Amino acid sequence: MQFDESIIRNVVAQVLAEVGKAPPVTSGFKGRYGIFDCADEAVRAAREAFEKLSERSIEDRKRIIDHIRRISIDQKVELGTMEMNETKIGKLAHKIEKLELLGRKTPGVEFLRSEVYSGDHGLAVIEHAPFGVIGCITPVTHSLPTITGNAVNMIAGGNTLVVNPHPSGKKVAVEGVRRFNKAIYDDLGIDNLICVIAEPTLESADLIFHHRDVAMICVTGGPAVARAALNSGKKAVVAGPGNPPVVVDETADLDRAARSIIQGAGYDNNLLCIAEKEVFVVNSVFDELMRAMERAGAVRLNESEIDRLTSVAISEVGEPGKTKQVAAKEFIGQDAAVLARAAGKNISQDVELVFGETDEHNPFVPVEQMMPFIPFVRCHDVDEAIQKAKYYEHGFRHTAIIHSNDVRNMTKMGRVMDTTLFVKNGPSPAALGVGGEGYISFSIATPTGEGVTTPLTFTRERRCSLIDDLCILGHPAKG
């Protein structure tokens, strides 16, 4: 009589499991700390981690998030320096600061809430459940900070994530994710809550977009990646492009406006999607604002210098007859001194911003340039300034800024622009709680409308209804 050895092994395993001595069944992903070369393996590992996370409490989610926060804050100098050395864009001090800001101010489990409806016919409770595995695309402009914010938001909502980072920011993405996962595993025994593709490609992004175990997509990037996410057939949260305009009217505090423009447009060399990109100024205060900019430390370029800078910093791409103007890659995120040299002017390395007067047709006005040069355009009055701001924002409905002490002008611009973020009398980062009220995320979903993302962005509603009971006020309805 012959025995099937597989049957015997299964019986032994079942007996051992019943007495608590069976070795754990693993998939082989343990100890990877979220680092994968294969996108399919990354998704499967994230799905396995999601199943384990689903068995844990909200308090455990908080412990997980606290590890991400702690590493982002305590290791900000090392990780920020790593990102600066790899991407070679922006400013080191701001790379470091961004990690601390995301660690401290990204919303966590405290944003989760339930709604309750009670009445004559009983009780209904609406809770917010996770989607599962979320596929993420992150930009070179803020590689690890975007992952940090997304991880806190998504894990707070009970999800896991698979990240396809920008290839020019992949090393710091991998190292940050490795550190996050190791700390979480050492404390709670769950690995691969955040998975990252070590060698990201368009093919790995496409696989993530269409993988059956990816329940949702979150992307931060330009129009092409936004379209790909929206065409994935899955729920998508899309942080698209922006070209934030500034309006300065005749009632503004001009020195305050100048300081704010420099602070916002100069931050990380203008890499923020919310940062001031072009300024429309009422003619009666134009010259005085230009002097205020110089008093605040910005350096003004003259017309010929602006022409020289424009000729090298803005390029054309596309096929003949279908070209468009874009920021030249070699100037994106570079220091103001680099731009000034290209314009034929030598300035101090400490200068945060260069600026100058242009007309509205200069390419720096319509292009999301992501570099610390800001064009200033004269306008007859505030109505013209607002209309030009609307036109050159391109309908992205991302961010707009006004400097004014006239409430009606603020109201008028807010209604016309219809942007996700609208800042009055401050620098653009104030809209994310940096010098203003609110909370931060580097996934600001404008095309899909979720705005500054929170844990609730990455959850789905579940309603549980109990009929005719547990409402202790009044009397039940008859009939």
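Predicted model: local features only at pLDDT ≥ 70, side-chain atom pairs only at ≥ 80, totals over all residues.
1. The domain assignment places residues 35-240 and 452-463 of the protein chain in domain 1, and residues 245-432 in domain 2. The centres of domain 1 and domain 2, taken over C-alpha atoms, are separated by 32 Å.

2. Between domain 1 and domain 2 an area of about 1,100 Å² is buried, and carbon and sulfur atoms give 54% of this area. Lys91, His94 and Val452 together supply 39% of the area that domain 1 buries against domain 2, more than any other three residues.

3. Lysine 98 forms a salt bridge with aspartate 268, in which the closest N and O atoms are 2.6 Å apart.

4. A separate point concerns an open sheet, in which 3 strands follow the order S2-S3-S20 with antiparallel pairing. Strand S2 (115-119) and strand S20 (459-467) each have a single partner strand and stand at the edges, so one side of each is left without a neighbour in the sheet. On average, neighbouring strands of this sheet are turned by 15° against each other, direction ignored.

5. Strand S3, residues 122-130, is joined to S20 by 9 bridges, and the two strands run antiparallel. In this pairing, isoleucine 126 stands opposite arginine 463 in S20.

Terms used:
Residues numbered from 1 in each chain as written. Heavy atoms only, no water. Pairing = 2+ DSSP bridges. Helix = DSSP H or I, 4+ residues; strand = E, 2+ residues; numbered from the N terminus. Axes fitted to C-alpha atoms, helices over the stretch in contact; angles between N-to-C directions. Domains from an automatic or database assignment. Buried area = accessible area lost by both parts, 1.4 Å probe. Salt bridge = Lys/Arg side-chain N within 4 Å of Asp/Glu carboxyl O.
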